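Me: I would like to learn how to read pockets and ring pairs in a model. Can we go through them one at a time?

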Amino acid sequence: MAAIRILTGSVYGGALLTARRIKQELEPEGHTVTVLENPTLADISDNHDALLVCTSTTGQGEVPANLLPFYLDLREQLPQQPGRPFGVIVLGDSSYGDTFCGAGDLMEEALYETGARKVGDTLRIDALETMEPEAEALPWVRDWINGI
């Protein structure tokens with residue numbers, strides 16, 4: 001079974017609710033899931049758990065305020081995570097054009113710079129197409145787990 005740390009970035013609660021639903025669904029199956037609402041580098045430095053970024057996108061494709069300190073520290077300190085598996089679920093609004101789901105792209109780039117290994121394709125959930133992001137996230141995360 002997998003040990004997963006979900007790094008959440010949420011403005012109105014959609015990404016956090018999605019992360020909590022993932023935890024609720026996976027733990028009865030024997031997976032260990034930790035949802036981090038205000039993650040810090042310390043949360044990833046003392047373990048080798050797979051990382052799952054579950055974030056919304058704010059403003060012009062930016063990382064939400066509760067995930068921003070983690071993102072900035074990750075970019076500045078570059079704690080090496082060679083081969084550590086990670087995945088990205090990002091919520092956005094396609095009416096924003098080029099910045100659609102930009103927070104996911106930023107987090108992916110930062111994790112790549114640490115040597116982490118991306119598993120699967122990024123799941124981009126468009127608020128214009130779905131009101132229940134967890135409905136799209138759950139099948140995706142089950143496939144993602146098979147790759148870690």
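Me: What volume does the largest pocket have?

Reply: Rolling a probe the size of a water molecule over the atoms shows where empty space is left. On a 1 Å grid over the protein atoms alone, a pocket is an open set of points where a 1.4 Å probe fits, with protein on both sides within 12 Å along at least five of seven lines. Its volume is the space filled by probe spheres set on the points, which are joined across faces, edges and corners. Here the largest pocket has about 450 Å³. This is a predicted model: local features need pLDDT of at least 70, side-chain atom pairs pLDDT 80 or more, while totals for chains, interfaces and linings use all residues. Numbering starts from 1 along each chain as its sequence is written, and side-chain values use heavy atoms, without hydrogens and water.

Me: Which residues of the lining are closest to the centre of the largest pocket?

Reply: Lining residues have an atom within 4 Å of a point. There are 23, and Ser56, Thr57, Leu91, Gly92 and Ala127 are the closest to the centre.

Me: How many aromatic pairs does the structure hold?

Reply: Rings of Phe, Tyr and Trp (its six-membered ring) pair if their centres lie within 6.5 Å; planes under 30 degrees apart are stacked, over 60 edge-to-face, the rest tilted. The structure holds two pairs. Phe86 and Tyr112 are edge-to-face, at 5.6 Å and 80 degrees. Trp140 and Trp144 have centres 6.1 Å apart and planes at 10 degrees, so they are stacked.

Me: Is Phe86 buried or exposed?

Reply: Buried means under 20% relative accessible area, exposed over 50%, partly exposed in between (1.4 Å probe, protein chains only). Phe86 is buried at 0%. Tyr112 is partly exposed at 44%.
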